[in-house]
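This report covers a single protein chain.

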Amino acid sequence: MMKKKSVSARKASLVLFLCQMISALDVPLDSKLLEELSQPPTITQQSPKDYIVDPRENIVIQCEAKGKPPPSFSWTRNGTHFDIDKDAQVTMKPNSGTLVINIMNGGKAEAYEGVYQCTARNERGAAISNNIVIRPSRSPLWTKEKLEPNHVREGDSLVLHCRPPVGLPPPIIFWMDNAFQRLPQSERVSQGLNGDLYFSNVQPEDTREDYICYARFNHTQTIQQKQPISVKVFSTKPVTERQPVLLTPTGSTSTKVELRGNVLLLECIAAGLPTPVIRWIKEGGELPANRTFFENFKKTLKIIDVSEADSGNYKCIARNRLGSAHHVISVTVKAAPYWITAPRNLVLSPGEDGTLICRANGNPKPNISWLANGVPIAIAPEDPSRKVDGDTIIFSHVQERSSSVYQCNASNEYGYLLANAFVNVLAEPPRILTPANKLYQVIADSPALLDCAYFGSPKPEIEWFKGVKGSILRGNEYVFHDNGTLEIPVAQKDSTGTYTCVARNELGKIQNEVHLEVKDPTMIIKQPEYKVIQRYGQVSFECVIKHDSTLLPTIIWLKDNDELPDDERFLVGKDNLTIMNVTDKDDGTYTCIVNTTLDSVSASAVLTVVAAPPTPAIIYARPNPPFDLELTGQLERSVELSWIPGDENNSPITNFVIEYEDGLHEPGVWHYQTEVPGTQTTVQLKLSPYVNYSFRVIAVNEIGRSQPSEPSEQYLTKSANPDENPSNVQGIGSEPDNLVITWESLKGFQSNGPGLQYKVSWRQKDVDDEWTSVIVANVSKYIVSGTPTFVPYEIKVQALNDLGYAPEPSEVIGHSGEDLPMVAPGNVQVHVINSTLAKVHWDTVPLKTVRGHLQGYKVYYWKVQSLSIRSRRHVEKKILTFRGNKTFGMLPGLEPYSSYKLNVRVVNGKGEGPASPDKVFKTPEGVPSSPSFLRITNPTLDSLTLEWGSPTHPNGVLTSYILKFQPINNTHELGPLVEIRIPANESSLILKNLNYSTRYKFYFNAQTSVGSGSQITEEAITIMDEAMASRQVDIATQGWFIGLMCAVALLILILLIVCFIRRNKGGKYPVKEKEDAHADPEIQPMKEDDGTFGEYSDAEDHKPLKKGSRTPSDRTVKKEDSDDSLVDYGEGVNGQFNEDGSFIGQYSGKKEKEPAEGNESSEAPSPVNAMNSFV
């Protein structure tokens, strides 16, 4: 019998085994076992926590889970049940929890913005997904602004502000010119992290009119363009050099907070002349190796995968020859929660104990909370076997009803982690998963491992027997593993046989048989031996083996542990390797490897190649040039050339190349004539008339080409008529009344004789005219004048010389010159398809009136006026060209509800014909653009005032405005939506009966009779109650202020008394000098710039919040059209922010400026901590 294990050890091994065998998170279940065992749900796939979707595509929110029985799915939206059946746009995939929201069929992505959570449930428990925040991506247009030219003195610094529209996610910024070429950047000119373009010093070459900032929104694949910025640099002599000054960041110090695991980006850009060089150091430490990178010409310090150890002060130093400037950035690395020990699935038997452990770390340290089946454990149904102890749940004496899915949530202000872990209590009789009668084969004297994979709850005990009626196995010759495997450390031939595995627990018993065969080992009985062989000899290595008769061996030979060379010299036999014609590169180690299905053996031997007896060295070189060239058999068009080859220089001649020189036309220039094999020394050469030939021969072998031979004697061939005519003959008119005939002239020896000329002939096609001819000199163009406009001509050009004409040339067709078309297209009709598209028809013009090659038709169209805005503007004509003999075309991109004019013109190679009469057409109404602005002002306890501007493009007659709004709580959950229809002639509205201190989200759009236009959204908050607002009381009435003033007065009185006593004694006490030298910090005057006294600034009025918007995911305050600081709103610098960055400080109504002695307190209410939990 195996040793009986303790109860705790048995539990630990059971949990370990079952986690390995049935955990859905680690190893898949055996398919047969999976069909029979119950298992709580496990989330296997879900969408990311922050899910930004494309508003033009369907929204797919993933939620996949598995369990036994298969789980059912449900969803919550913004914390409440999401009834999918009531929304026709929302469907759930079959056998899945994945939601598909149909946006492409009329739905709007903004309507489905919110926080979603999926629950997968079966009879064993419920697993939940993360909170999935759905937000549609946004790529807003650039706000229109009037940009004044930048006039800058040479050498001064300059910053071109980009200020891109706030998108979701934030856009990628780059600068280009009008030609869409990226603006060059350098140490002097570079783009900052905020997108602005910085000039450390401007130079005259920086003058240009087209500095354009582009914002690329990758999510929607759109690019927005800012209006071009003009920079004009004026020179002053001399240019004054300046020491460095930091353009960004400002001041001497700043702070930055980054999260653990993120990329830390620090930036310093300096002005100065000469251009400063930037250097980075970490005070009191070194920059981390292998994680530090410098970008943007060392102006940006990049540290990847930051940790808490990277916190500290980072100093950038800008230096040129006049001095330096520096800035210290204090970096603090915080951390969202991360797992130390995530809870793991727990499988127990009835009556057993177990624990779920959930440990996480972060900065600040995260809070741990537990849920059971998606419900906070404090209000979940009680389970007497369960006890919660902080980050641990302890289970004691569990029962089957204790099966549940538990959720651990670890959260801090930077995020949260959520993990599902189930407790599955099973009571199952033993099962053996190893296939019955499985055969194991091993080599003698090696270990044998016989599997008995099992499952049962409680964990079964395993026993092994040999033979059908054998006794239980025990003793030191066997090892029994916890997973049921039987190990025979040294298997012998007598170990062969049948082995039986028995698994039993209190619910039953089962057994399984496996078989073991022990084979003889494979051996090399004659191994390869060390060999020394002379170069070009033959060598053989032996490899004779002995093996088990039931195993099939394979033999592989290697050279230097690699495959044998692919060479016919290597011959592999049954039990040997032979190498023929050995070379130096065959030197090395040769290995024989013998493989069977059960074992492998090898043996090696070294081959050493030595030099053969010395032989005279062979010199290989290019051949010597041929000589003794001779011309024989001279005829008018041929001659025979013969020669004697030069020395081959130990490399056979492969071919001879024959070249010729024309001493009459191109003396000194050698041309390729032909080539012949190396075995041939005579060639018959074809010749041309009227050429003074000389020939030479070049020999070629594998080494290279010989020097040319001496030239042969000269041979002048007789003159003859030209053999060919000019090529590429064309006839194209350059004017309406001419025909320009061109051709490619013959080359020198193509003339075949002296006096080369050309006979140019032409006649009008399809007219019974005679040929007109003229003989011209050796030129390539002739102009025929006085021709009709655009008529076809037959043309031919014939070569001739002093001996006669070339053969009759072929004819080509050309045309005399084109003229502008005579008539305009008629019967122009316009069919308006929709508010932005129209189709225009016209009749073709007679081809005779085209007076040229018909290239197509051009449609000129322009907007006369908008039918909704009675204001004329500069008329910008647009042109569309339709190639070929078309009779219609489409006009896209029209503006709705507008009056247009168009005309049509025919186009030939000369230009455009007259325009058709202007045709007027009107486009119907369309949906309007979004209102030009939406402002929310005058917040009170229960009301807000909304002001708006009419759409820039009404695209019709506005019928009304639609206002929708809903409240938002501190966890960004949206309340019920209220809709109001507003007459089109209104431009403001006061909303009353609102909740105090509540954030509202507004959706506003305009309507025409066609439908609703795109909407504009804003957020705003009503102010708190009167008691909270009255906290801003007169500072002069505060007790601490009165006490401080009394202390100051008492101190002055004491000083005066001391001064008076000293004066009476004859001494002097310079009170004023002492006070100036040691000023009391308690009586320092107020600083209007930093508000250190009472934190009050009367630099400008307090302003009401104009736009209440949530901050983007990077936790920076969202900046819209206004440049106002958040200090201008509510509680000034003491305003508080949610964890998402949204402003929750006390609202302050607008007030008039007051004297300094009437300062109000800027005390702020306590910040409201955002709930990090997922429910």
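Which residue in β61 does Ser 638 stand opposite? The residue is Lys 686. The model in which this pair is found is predicted.

The Ser 638 and Lys 686 pair belongs to the pairing of strand β58, residues 638-644, with β61. These two strands run in the antiparallel sense and are joined over five bridges.

Both strands are part of an open sheet of three strands, ordered β57-β58-β61 and paired antiparallel. At the edges lie β57, residues 627-632, and β61, residues 682-686, each of which pairs on one side only. From one strand to the next, the twist averages 25°.

## The sheet β22-β26-β25

Another open sheet of three strands has the order β22-β26-β25, again with antiparallel pairing. Its edge strands are β22, spanning 264-267, and β25, spanning 292-295; each pairs on one side only. Here the twist averages 20° from one strand to the next.

Within this sheet, β22 and strand β26 (residues 300-303) are connected over four bridges in the antiparallel sense. What is the bridge partner of Leu 264 in β26? Ile 303 of β26 takes that place.

## The chain as a whole

The chain contains six helices and 85 strands. Of its 1175 residues, 43% are buried.

Taking contacts between residues at least 6 apart in sequence, 66% join residues at least 24 apart.

## Confidence

One is residues 1-29, where the model has 45 contacts beyond four places in sequence. The other is residues 1066-1175, where the model has 195 contacts beyond four places in sequence.

Terms used:
Residues numbered from 1 in each chain as written. Predicted model: local features only at pLDDT ≥ 70, side-chain atom pairs only at ≥ 80, totals over all residues. Heavy atoms only, no water. Pairing = 2+ DSSP bridges. Axes fitted to C-alpha atoms, helices over the stretch in contact; angles between N-to-C directions. Buried < 20%, exposed > 50% of the residue type's maximum accessible area, 1.4 Å probe, protein only. Contact = heavy atoms within 4.5 Å. pLDDT = per-residue confidence, 0-100.
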